[in-house]
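Please look through the two-chain model shown here with the text beside it. The paragraphs are meant to be read together with the coordinates.

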Amino acid sequence: MDQIILQFINGLDKGSAYALIALGLTLIFGTLGVVNFAHGTLFMLGAFCAVVMQRILTLSAITIDPTQKDFLGRPLEVKTPYVELWFGHDIGQLLIDWAVPLSLLLAIPFMALVGWVMERGIIKHFYKRPHADQILVTFGLAIVIQEIVKQIFGANPIPVPAPKAFSGSLDFGVLLGFDPNVIVYPYWRLVYFLFSSVILAAVFAFLRYTTFGMVVRAGMADRETVGILGINIDKRFTIMFAIAAIVAGVAGAMYAPINSPNYHMGMDFLVLSFVVVVVGGMGSLPGAVLAGYLLGILESFASMNVIKDALPGIDQIIIYLTAIVVLLLRPRGLLGKRGVMED
Amino acid sequence: MTTSRFTRRGVLKTGAVAGAGVALPTIFTAGSASAFTNEPKGDTVTFGFNVPQSGPYADEGLDELRAQKLAVEHINGEGDGGMLNTFSSKALDGTGLLGKKVTYVTGDTQTKSDAARASAKSMIEKDGVIMINGGSSSGVAIAVQGLCQEAGIIFMAGLTHSNDTTGKDRKKHGFRHFFNAYMSGAALAPVLAKAYGTDRKAYHLTADYTWGWTQEESIKAATEAVGWQTVKTVRTPVGAGDFSSYLTPVLNSGADVLVLNHYGRDMINSITQAVQFGLRDKVVNGKQFEIVVPLYSELMAEGAGEAIKGVYGSMNWNWQLDNPGTKAFVKSFGEKYGRPPSNSAQTCYVQTLLYADAVARAGSFNPCAVIEALEDFDFDGMGNGPTFYRGADHQCFKDVLVMKGKENPTNQFDILEIVELTPRAQVEYAPDHPMFAGGTLGECNPGD
């Protein structure tokens, strides 16, 4: 029983990352009709915002300490972060410790800019082109961005720890009446789950309850009519692209302590998030979220030793197996609209 | 008045005769002109450095490349000479190799066997390399080693730790300076038993390819020999990223030790996540839960940050070793690149010098002569103490380092400490040991 609860929590946690990425993807597909293979890269860029914030906060003044030696026996260069020099040791350390949450302040404007530049610079030229062209150009773009990040930050993952306050694990089992230490789950992963829930809710609320959202939804349903009504739908779609980039970016930034940022992490998520979108239904926002959680939970359960012993390797194919079954039985996806991707 | 005697027929006839005349010497001498694959003809000889520049082991690959470039500089007499000053063999004099300047080409293995083979093939066929040096990843090393055997090129393996490289997949043309999984087990198990006791229950998470499998087998055998039990072994895909679903079953498995048979980016992620899951704070069976990483690297330790503190592992070499070879290499590398070399860098550097030295001693680039020079070669001064290149399986034998993540690092590079230098005798085994059985070196193949 404890294993089932544990894997369920784990599935929700995994699913929240899938849902966040898939939401951005399907938002772009639904509004702009573009299949964006660079979306995983936006997630990766977000994670690197956390790295950059950490680097900014640890920018240091260098003093030479002749009493200590470096690895070549030369006097050691001692680094003291400027934030410590300016705000005192305690506040400086606190700021450095909270680099990941603080990085959201950087990620939001930066990702909005990246999204805007991408859409205006490249993607808008591909609206009327076939999906294959869109996939090629966005995939190419993803590789270019990835290589630039690799050149700047190197190929190795860069550890970006969560704030110390969230470094341990919550003993879930005790809350549910189990023995201590039976069901524990890392605080930061729980924070991530809550964070993604808030973001998902915010995006839905934005689309549902604002005039802007209403216009975008109308545009998703019938772009031409909205245009005829005198609304500049293109401008709104550019903003939607930027919003999708922000969603991917903040998802990446907060994910940094879970999976140390590396230049390739976007690609790791890309295929998976496409499967999530397809299973949920291309262009369906609730579908993406539902499929994200569903596949996350299925993947977690498939990793249980009892199941793996019975069906070796199931943990690695379960997601794709589910996708095949869903597509065979319901080609438009779980919550997909009739006619989308069915022709 | 002169009349031209050129006619179409006459020109063709003359051309044919002249053409045959020009071709004649090469037809008769082709065999002796190229006695073996890619025999260097001009005033240069080309090495091929085939390392992962992308993929989960990319950072190791980039450090290997730094070392390989340094080795070429030293062979050509540039820089301070590094380990050539401490190497017991004095065949290399810093004037290149047999009167030729050494050049190199590089390739990206992408940490994938097929990409590595394609890159090696192109180096052999297009660039005319005489030797290929590189890793990381045993899957890649074994694939490229097989290709080199077929092509008649020498393969000086870089970072490859699977028993199979010099076990069931050993090849006449492949040589490994790096240690292997068996040696890690033999060195680690006694230290682990001393630190954590003999009554322990281990849970293995293992990278699902040749290296992971042989490391799991070796560590399992070695720890069970000191009294440990193995609760469960679970295979994980290379490049999994999020290991949470593999880690949650560990929590209540009854195990009190987690062995991570992961490397590179995978190891950084799995250990970081294991620590986040509170594994190291757990008390199971009345004992503190522990994590072991049998194969360590400085770059991985740097990537894992805090998570690595107090964790045991093993290494082929470390820059903190106190011997003249190490000091010379760390000085050259450190002054050039501003950081100490990793153990993957050291093995590639040493392998490149060992190949060059073997060519110099053999007085020929012919692979058969080079193989003979390398087999059963005893040497010292390369940072690992007295070392022996066993002819029976082309595996180097030397001391093994047992390492531990440092609790209180004083600087960026001070992350691992040497716990023990396990003597060579303790990690030696017979060439037909069951974990290495089933392979034959085959015959020397000079190619062309």
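What follows goes from the contact between the chains to a helix, then to domains and a sheet.

This is a predicted model, in which local features need pLDDT of at least 70 and side-chain atom pairs count only at pLDDT 80 or more, while totals for chains, interfaces and linings use all residues. Residues are numbered from 1 along each chain as its sequence is written, and chains are lettered from A and ligands numbered from 1 in the order in which they are written.

Between the chains, 37 residues of chain A are in contact with 38 residues of chain B, where contact requires that the C-beta atoms of two residues, placed from the backbone, lie within 7 Å. On the side of chain A that touches chain B, at least two residues each come from α1 (2-32), β4 (184-186), α12 (265-280), α13 and α15 (314-329) of chain A; such helices (H or I, at least four residues) and strands (E, at least two) are DSSP runs numbered from the N terminus. The largest share of that side, seven residues, belongs to α1(A). By class, this side of chain A divides into 15 nonpolar, 15 polar and seven charged residues, with Ala, Val, Leu, Ile, Met, Phe, Trp, Tyr, Cys and Pro counted as nonpolar, Asp, Glu, Lys and Arg as charged, and the others, Gly among them, as polar.

Helix α13 of chain A (residues 285-302) has 18 residues and reaches 26 Å from its first C-alpha to its last, close to the 26 Å expected at 1.5 Å a residue, the expected span being 1.5 Å times one less than the number of residues. Because 15 of its 18 residues are buried, α13(A) is largely enclosed by the rest of the structure; a residue is buried if 20 or more other C-beta atoms, placed from the backbone, lie within 10 Å of its own.

In chain B, the domain assignment gives domain 1 (44-179 + 319-393) and domain 2 (182-315), with bounds that come from an automatic or database assignment. Their contact takes 17 residues from domain 1 of chain B and 20 residues from domain 2 of chain B. The centres of these two domains of chain B, taken over C-alpha atoms, are separated by 29 Å.

Chain B also holds an open sheet of seven strands in the order β7-β6-β8-β11-β12-β16-β17, with mixed pairing, where two strands pair if DSSP finds at least two bridges between them. Its edge strands are β7 (229-236) and β17 (416-422) of chain B, each of which pairs on one side only. Within the sheet, β11 (residues 290-295) and β12 (residues 312-315) of chain B run parallel and are joined by two bridges, and Val292(B) stands opposite Tyr312(B) in β12(B).

Notes
A residue is buried if 20 or more other C-beta atoms lie within 10 Å of its own, exposed if 12 or fewer, and partly exposed in between; C-beta atoms are placed from the backbone.
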